[in-house]
Amino acid sequence: MAKSKIAYFCQSCGYEAAKWLGKCPSCSQWNTFVEEILEKPNTSVPNWKATSTTQQRANKPVQVADITFTDEDRLITPDAEFNRVLGGGIVAGSLVLIGGEPGIGKSTLMLQLALNMPNLKVLYVSGEESERQIKMRAERLQEVVGQRSRVRDQRLGEKLNKSEIEHPNSEINRGCYILTETSTQNIFKQIEQLEPDLVVIDSIQTLHSAHIESTPGSVSQVRECTAEMLRFAKESSTPVFLIGHITKDGMIAGPKILEHMVDTVLQFEGDRHHVYRILRTVKNRFGSSSELGIYEMLGEGLREVSNPSEILLSQRDEPLSGITISATLEGMRPMLIETQALVSISAYGTPQRTATGFDTRRMSMLLAVLEKRCGFKLGAKDVFLNITGGIRVEDPAIDLGLAAAIISSHEDIPISSKTCFAGEIGLSGEIRAVNRVEQRIAEAQKLGFEQIFISKYNLPSGGQDKRKMDLSRYKIEVKVVSNIEEVFGLLFG
């Protein structure tokens, strides 16, 4: 029998200590240590086929020039947005962690992915729901509903009993297997028998390993279960998706080392009061870590949005002050978003500064620049900023659009809905260059805008780079400006 011992773990960062500490030496948080009982197993290798039957060999150092590899094709899913955030598809043997708020649609996204891949054998492991609950959700998804309607059309005129109509099990994807289990040892036994091509775990906080004598969801259990899944994914070349809970601060629950162990971290965001959801890449070892995918939550499942600019721009019958359009980039995708501002007289003496979807500290910097460099008296005014669509933007290229929206609301002068902006504002009031401005201009032209404001520093002049941006090839009028005073002169002068 293996010996057991008691250890103390920090619930914030996962730091392990031999005794209780008031303050964590790693993350400096107070009163976060909890007592857990650990049982060291006789072997650190989980009991599954790939590791129990394979002979272990010692690794030896190899020169990097002597390492050979072959480019393996990624597993392309039917979901183009999901392929985008993963960097082009699912990599064999990858471990992907998906986090998000409760009820945002994480389980729906993964179950819809499992049902829409009929050529693969997918094992969906759930520790939170029963088989009937998962079947009820599967029947609500668009793929199952569409298959059911096609079955009824094909069998039109035939006499069917009630059970065949309500449960057309023969037409649902036969490659999707559901397993309701929380023990990792039992899960590996079923994996050994089934040999799936893809494994989905919903969720990692519900699993428990017999090697650790602590409750499911604790720091040690989450770390051990993730380590077992990591060994399984790497040694069997089977991709594994882990669904994780998040804390009240928006961070993924469990030790911080959990995000370092996995290959890819995806964050499923969105307001539950809106229909749009955003799948954002936080970490990706196989592609860009700044991509995002946009979905629309419908009654029959999640629908991918291929052109997000159209949904982020609202249709207005008459021009309104305080509304501008900014060109931003998320990963490799250019988007046009609507930026709104409201400036009003402070009724309580202390001006309010509120920003939704934008950094409040950067908003304070923009207000200081407008007051210092342009002479607008905003110190006694309430200022509210909003990025429509429920998304959060960190691209500094929307500075110019936000500044124009603030002045438009302050002067109560509307800006044309056919004008957009792409420029970063410096502390001296200059308009700084932004990256990949050609894609921003092309996106604005595609959506029918008439003019766009950019920085003159986006046009290379002199030096080693003597390339000129050919503005004549664009049908949209490109306004080249150098400082914020010049912009306001063209807009309101």
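This is a predicted model: local features need pLDDT of at least 70, side-chain atom pairs count only at pLDDT 80 or more; totals for chains, interfaces and linings use all residues.
Some overall values to begin with. The protein has 14 helices and 21 strands. Of its 493 residues, 48% count as buried. The accessible surface comes to about 25,300 Å², and 49% of that belongs to carbon and sulfur atoms. If we take contacts between residues at least 6 apart in sequence, 69% of them join residues at least 24 apart.

I will start with strand β4, residues 95–100. How many of the residues of β4 are buried? The count is 6 of the 6, so the strand is largely enclosed by the rest of the structure. Both faces are covered. On one side there are Leu95, Leu97 and Gly99, and on the other Val96, Ile98 and Gly100, all buried.

Next, the pairing of β4. Strand β8, residues 240–244, runs parallel to β4 and is joined to it by 5 bridges. Within that pair, leucine 97 stands opposite leucine 242 of β8. Strand β9, residues 264–269, also runs parallel to β4, again with 5 bridges. Here glycine 99 has glutamine 267 of β9 as its bridge partner.

Now to the open sheet. It is formed by 7 strands, and the order is β15-β16-β14-β13-β17-β20-β21, with mixed pairing. Which strands are at the edges? They are β15, residues 353–356, and β21, residues 477–481, and each of these pairs on one side only. Direction ignored, neighbouring strands of the sheet are turned by 25° against each other on average.

Strand β13 covers residues 323–330 and β14 covers residues 333–345; they run antiparallel and are joined by 8 bridges. Isoleucine 323 has glutamine 340 in β14 as its bridge partner. Leucine 329 stands opposite proline 334, also in β14. The two strands form a hairpin with 2 residues between them. In the turn, glycine 331 has a positive phi of about 70°. Strand β14 is also joined to β16, by 7 bridges, and that pair runs antiparallel. In it, threonine 339 stands opposite isoleucine 387 of β16.

On to charges. Side chains of opposite charge can pair when their charged atoms come close. A search of the whole structure finds 17 salt bridges. I will take a few of them.

The side chains of arginine 280 and glutamate 269 meet at 3.3 Å, N to O. This pair links distant parts of the chain: arginine 280 is in strand β10, residues 276–284, and glutamate 269 is in strand β9, 11 residues apart. That is the β9 that runs parallel to β4. Is arginine 280 buried or exposed? It counts as buried, because its relative accessibility is 17% and the cut-off is under 20%. Glutamate 269, at a relative accessible area of 26%, is partly exposed.

Arginine 303 and glutamate 296 form another salt bridge, with the closest N and O atoms 2.4 Å apart. Arginine 303 is partly exposed, with a relative accessible area of 36%, whereas glutamate 296 counts as buried at 15% relative accessibility.

Then there is aspartate 395 with arginine 440, whose side chains meet at 3.0 Å, N to O. Aspartate 395 lies in the loop between β16 and α12 (399–411), and arginine 440 in helix α13 (residues 437–446), so the pair ties together parts that are 45 residues apart in sequence. Both of these residues are buried. There is also a network: Lys234, Asp263 and Arg285 are joined by salt bridges that share partners.

Last, the surface. Which residues make the nonpolar patch of about 320 Å²? They are Val62, Val64 and Ile67. Isoleucine 67 lies in the loop between α1 (49–52) and α2 (80–85).

Notes. Residues are numbered from 1 along each chain as its sequence is written. Side-chain values use heavy atoms; hydrogens and water are left out. Buried means under 20% relative accessible area, exposed over 50%, partly exposed in between (1.4 Å probe, protein chains only). Helices (H or I, at least four residues) and strands (E, at least two) are DSSP runs, numbered from the N terminus. Two strands pair if DSSP finds at least two bridges between them. Axes are lines fitted to C-alpha atoms, for helices over the stretch in contact, and angles run from 0 to 180 degrees between N-to-C directions. Patches are made of residues with over 30% relative accessible area and no salt bridge: like charges are joined within 9 Å, nonpolar side chains (Val, Leu, Ile, Met, Phe, Trp, Tyr) within 5 Å. Accessible areas come from the Shrake-Rupley method with a 1.4 Å probe; for residues, only the protein chains shown count as cover. A salt bridge is a side-chain nitrogen of Lys or Arg within 4 Å of a carboxyl oxygen of Asp or Glu. Contact means heavy atoms within 4.5 Å.
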